[in-house]
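Work through the exercises below with the sequence and the coordinates open beside you. Each task is followed by a solution that goes step by step.

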Amino acid sequence: MSDIQSFRQAVESFISARGWTPTRFGRIVAGDPLFVFDLRDGREPRTETRARIMKAMAEFGDADRQAPLRVGVAGLGNVGATLVRILQKDGAELTRKLGRQLEVVAVAARSRSRDRGIDISGLEWFDDPVALAKWDGIDLFVELIGGEDGPAFAAVKAALEIGRPVVTANKALLAKHGVTLARLAEESGAQLGFEAAVAGGIPVIKTLREGLGSARIAKVFGIMNGTCNYILTRMGNEGISFADCLRDAQALGYAEADPTFDVEGFDTAHKLSILATLCFGYEIAPDKMRVEGISNITQHDIQVAADLGYKIKLLGIAERTDGGIEQRVHPTFVPKGSAIAGVDGVMNAVALETDHVHELLLAGPGAGGPPTASSVLSDILDIARGTRVPPLGVPSDELLPYREAPHRAHEGGFYIRLSAKDVPGALAAIATRMGEKSISIDSVIQRSDLSAKAVAPDGSPTRTVVMITQQTLESSVREALAQIAADGFIVGEPQLIRIEKL
């Protein structure tokens, strides 16, 4: 074997033994990131260069070999089992990229005997996730249990208190205790990763914490719940009811047996409150927003939206104003030509408006085992590399007390659907009440195909009336609708949906 062949073999053996990338070897040992690639292409370094690199490799010895990062996973549902499967299946490739072995050594879950499609026979088993979080046999604790309190909170708190890094996908936990946990992590020197808590496989947390530099964010909005987006997409494409779409979503595993948390907007509200803190530097405040779900959306609303050039999406919107922060979650008319309108099915999307980049849209799968586990793994890799950033973007003691913005006129106007009594004077009375609150009506729509099959308690027939307002305060619209209901000219609850100018 020639000297150059022996040298090439020594370099490749060094790289393979440590799981390094060629670029890493070139940068750290050879002083040239492309050195190994050039060597593989046939380059023959000079004798003195080979001697220098051989000496450098010899001096490394085993000193640079890091001990495996031992991971404990609490919660072996869809995401937890997928994460364990990825780490077991792709361990060699991850080691090569990271230069350090990742090893799941322990798990905690409710049932030990349940078949999850993974081999846990060689792993330490814990019935109590808190005991796992405190166990000296792990270097990193992954919480995938769920819930804002109970064992999830206790386990994460226990790990952070002893300085153990934590990765979680638990948005409810962070929405309620995020500031407390961030402060605890900072005090103990532990990292806290939660990429998977918002928008599943979309790297929005990393983008906000590390990717935007000095950009000042003015607004964040998006589709953050795949269940709602799936239902609204099918209602629009297939003309079927909310109830039928929900049943299908449950059968496909997109919706829980009790879907309230998703379809009434609370899941989106938790995620939005976390994003708002990262964007604007205020304390997390999920209870400081109006939250409306999609359970009252009908085909009438879907049809009118389509005819007017809109789609209906459940949006979470947070915006910085001169008076404070505005947060809201509600069904929204969005223009068909907008980027957010094209995000259909179970996909999620988050849009950021900044002073450096007018609008940045991040889209991708927002839920499910592989996308969410991928985001969990991203946090694990960052911690293994030693990446350190404040969990909430800035040190927790620099977060500002949340200041809720006063109500403003909504620029896009509102869509209003009423079941009005089909009697003389009804429409005039409704218009009068709107005028009393200085609400300008842009258009009134009455169509036979939108007629409600309803009869008022006094026997009067009803008709469906749709009104589109110009810019106005939501509080004024609601006050007017309350007075219209008191006048006795409508039946049932009116439908009110914001129209967004995106």
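**Exercise 1.** How many cavities of 30 Å³ or more does a search of the whole structure find?

*Solution.* The model is predicted, so local features need pLDDT of at least 70 and side-chain atom pairs count only at pLDDT 80 or more, whereas totals for chains, interfaces and linings use all residues. Residues are numbered from 1 along each chain as its sequence is written, and side-chain values use heavy atoms, with hydrogens and water left out.

Step 1. On a 1 Å grid over the protein atoms alone, a cavity is a set of points where a 1.4 Å probe fits but cannot get out, and its lining residues have an atom within 4 Å of a point; the search finds two cavities of 30 Å³ or more.

Step 2. The largest cavity holds about 160 Å³ of space, a volume being the space filled by probe spheres set on grid points that are joined across faces, edges and corners. Its lining has 14 residues, and Leu 192, Arg 209, Asp 382, Thr 387 and Val 389 lie nearest the centre.

Step 3. Helix 16 gives the most to this lining, with four residues, and strand 6 (192–193) and helix 10 (204–211) also supply at least two residues each; helices (H or I, at least four residues) and strands (E, at least two) are DSSP runs numbered from the N terminus.

**Exercise 2.** Describe the largest pocket by its volume, its lining and the elements that supply it.

*Solution.* Step 1. A pocket is an open set of points with protein on both sides within 12 Å along at least five of seven lines, and the largest one holds about 1500 Å³ of space. Its lining comprises 50 residues, of which Val 79, Leu 144, Ile 145, Lys 171 and Glu 256 are the closest to the centre.

Step 1. By class, this lining divides into 22 nonpolar, 17 polar and eleven charged residues, where Ala, Val, Leu, Ile, Met, Phe, Trp, Tyr, Cys and Pro count as nonpolar, Asp, Glu, Lys and Arg as charged, and the others, Gly among them, as polar.

Step 2. Helix 5 gives the most to the pocket lining, with three residues, and the elements that supply at least two include helix 9 (171–188) and helix 11 (226–238).

**Exercise 3.** Which residues touch the most other members of the largest nonpolar core?

*Solution.* Step 1. A nonpolar core is a set of buried Ala, Val, Leu, Ile, Met, Phe, Trp, Tyr and Cys residues joined through side-chain atoms within 4.5 Å, and buried means under 20% relative accessible area (1.4 Å probe, protein chains only).

Step 1. The largest core has 85 residues, and Phe 141, Val 204 and Ile 231 touch the most other members. Helix 14 gives the most to this core, with eight residues.

Step 2. Apart from this core lies another, of 32 residues, including Leu 69 and Val 376.

**Exercise 4.** Where do the buried residues of helix 17 fall when seen down its axis?

*Solution.* Step 1. The buried residues of helix 17 (residues 426–436) are Ala 426, Ala 429, Ile 430 and Met 434.

Step 1. These buried residues fall within an arc of 140°, so they line one face of helix 17; the arc is that of the directions from the helix axis to the C-beta atoms.

Step 2. Helix 17 is followed by Ser 438, whose phi is positive, near 60°.

Definitions and conventions: Buried means under 20% relative accessible area, exposed over 50%, partly exposed in between (1.4 Å probe, protein chains only).
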